Amino acid sequence: MALMAREDTDTETRTAPAHQRPAPTEQQPAAPPVVRTWAMRLMPLAVVLAALNLRPAITSLGALLEEVRDGLGMSGSVAGLLTSVPPLCFALFGVMAPRLARRFGPPAVVCAGMAAIATGLLVRPFTGATPAFLLFSALALMGIAVSNVLMPVIVKRWFPDRVGTMTGLYSMALAVGTSAAAAVTVPLTRALGDDWRFGLLVWATLGVAAVLPWLLFVRERQEQAAPAPTGGAPAARLSMVRSPTAWALAVFFGLQATGAYITMGWMAQIFRDAGVAAGTAGILLAVTMAMGIPLAFVIPRVASRLPRQGPVVVVLGTCGLIGYAGLYLWPVGGAWLWAVLLGISNCAFPLALTMIGMRARTGPGVASLSAFAQSTGYLISIPGPLLVGVLYQHSGGWGLPIALMAALMVPQIVAGILAGKNRVIEDEAAARA
């Protein structure tokens with residue numbers, strides 16, 4: 001009852017006229033844009049639908065990568081380039097998100113992002129050539145990129161008293177979309193005449209569904225930035241390049257993204273080359289992705305209650321190291337265990353999102369930190385999937401690629417420990433002033 005009362009009070013505060021709302025303070029973040037109560041209740045649904053669309057474009061392709069390679073005549077190196085396109089697009093387009101949000105408002109940009117995802121997924125299966133397939137994949141990934149950056153901003157702004165819970169809900173929905181695309185793409189393809197084009201096409205419907213609720217929010221411009229709290233620095237003076245916390249988060253984000261996109265792009269193929277049937281390999285990938293469904297909700301709630309997130313980083317990294325070792329030594333006999341352990345390790349992503357929200361005190365600070373950490377992090381992650389494809393093609397096996405994946409886990413743990421320290425970027429900027 002107390003929680004319900006608090007939420008009712010929050011709703012009344014958010015929907016009150018501007019002159020009746022209290023001014024933002026260090027303890028009370030600025031209120032979200034003035035909208036009707038029903039619209040506030042619709043926002044969680046909009047966030048969930050957006051999150052469901054942020055990975056199927058990638059994992060559905062991973063499940064059918066061999067069929068797409070054969071259908072378009074791709075070499076192993078070009079397929080490796082295809083698995084590198086997601087982080088490249090996220091880095092290039094994600095950095096544009098804060099500027100677009102300032103001009104059009106975060107909800108409008110996310111709505112456009114959902115439309116780009118739907119359009120890209122509708123067209124790319126029927127392009128008939130590798131360059132066009134890459135182009136429309138990039139369009140979908142552009143929509144994912146801006147939404148990736150703005151989701152923490154929307155959560156921080158619209159749900160300032162429930163950042164951990166909403167980040168967990170968003171991360172859990174993202175994991176559901178990821179694992180569902182990995183699990184059912186192959187069976188759907190077979191049911192649709194064993195044509196990989198239709199297996200990829202079906203995920204466009206999810207993008208169309210996500211556009212609809214966001215259309216109701218497109219007129220909501222970004223609120224005026226709240227003044228920096230005492231002891232902090234105005235958003236305009238925040239320099240991410242000079243922030244140790246921002247760099248630690250960027251490196252941690254980049255290395256976990258490297259592992260995640262290598263997993264999404266190549267893990268099913270690793271199992272298939274080891275002798276696992278295609279359908280089973282897709283299910284194993286789905287198990288890895290599905291581990292994020294419960295853990296993506298739990299980890300942000302746990303992490304938001306800890307002053308330092310280093311212990312969580314170490315646990316996740318250790319699971320990854322064991323999973324990669326097993327994948328190298330006993331890929332078939334222990335396949336289910338390795339899939340589970342690597343799925344736990346991949347939950348570094350919701351942890352990174354949580355730390356982005358915790359390492360900045362203000363909404364503009366979160367926007368700047370999110371754009372920097374994600375864009376820089378995805379730049380860091382670009383060589384990984386491509387290098388895996390090259391190593392696989394030239395070594396004739398998975399020994400060297402798996403060794404690379406395991407080696408990258410060590411600096412990821414170190415960067416995560418540094419990023420998890422109890423500090424915020426506004427205080428770092430004030431200390432330099």
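Q: What makes α12 stand out in the lining of the largest cavity?
A: Helix α12 gives the most to that lining, with five residues. Lining residues have an atom within 4 Å of a cavity point, and helices are DSSP runs of H or I with at least four residues, numbered from the N terminus. α12 covers 244-273, and α9 (163-191), α13 (278-290), α14 (292-304) and α17 (348-358) also supply at least two residues each.

Q: How do you know on what basis these values rest?
A: This is a predicted model, in which local features need pLDDT of at least 70 and side-chain atom pairs count only at pLDDT 80 or more, while totals for chains, interfaces and linings use all residues. Residues are numbered from 1 along each chain as its sequence is written, and side-chain values use heavy atoms, with hydrogens and water left out.

Q: Why is a space called a cavity?
A: On a 1 Å grid over the protein atoms alone, the term applies to a set of points where a 1.4 Å probe fits but cannot get out. Nine cavities of 30 Å³ or more are found in the whole structure. The largest cavity has a volume of about 250 Å³, a volume being the space filled by probe spheres set on the points, which are joined across faces, edges and corners. Its lining comprises 20 residues, of which L174, T178, M289, N346 and F349 are the closest to the centre.

Q: What makes up the lining of the largest cavity by class?
A: Twelve residues are nonpolar, seven polar and one charged. Here Ala, Val, Leu, Ile, Met, Phe, Trp, Tyr, Cys and Pro count as nonpolar, Asp, Glu, Lys and Arg as charged, and the others, Gly among them, as polar.

Q: Why is α3 called roughly parallel to α12?
A: The axes of α3 (residues 56-63) and α12 come within 8 Å and cross at roughly 15 degrees. Axes are lines fitted to C-alpha atoms over the stretch in contact, and angles run from 0 to 180 degrees between N-to-C directions. Angles under 35 degrees count as roughly parallel, over 145 as roughly antiparallel, so α3 is roughly parallel to α12. In this contact (heavy atoms within 4.5 Å), I58, T59, G62 and A63 of α3 meet Y261, M264, G265, A268 and R272 of α12.

Q: How do you know how α15 and α16 are oriented?
A: α15 (residues 310-329) and α16 (residues 335-345) have axes that come within 7 Å and cross at roughly 150 degrees. α15 is therefore roughly antiparallel to α16. The contact has nine nonpolar, four polar and no charged residues.

Q: What makes α7 and α11 roughly antiparallel?
A: α7 (residues 106-123) and α11 (residues 204-215) pack at an angle of about 160 degrees, with their axes 8 Å apart. These two helices are therefore roughly antiparallel to each other. The residues of their contact divide into 14 nonpolar, one polar and no charged.

Methods
1 Å grid on protein atoms, 1.4 Å probe; cavity = no way out; pocket = protein on both sides within 12 Å on 5 of 7 lines; lining within 4 Å. Parallel < 35°, antiparallel > 145°, perpendicular 65-115°, else oblique.
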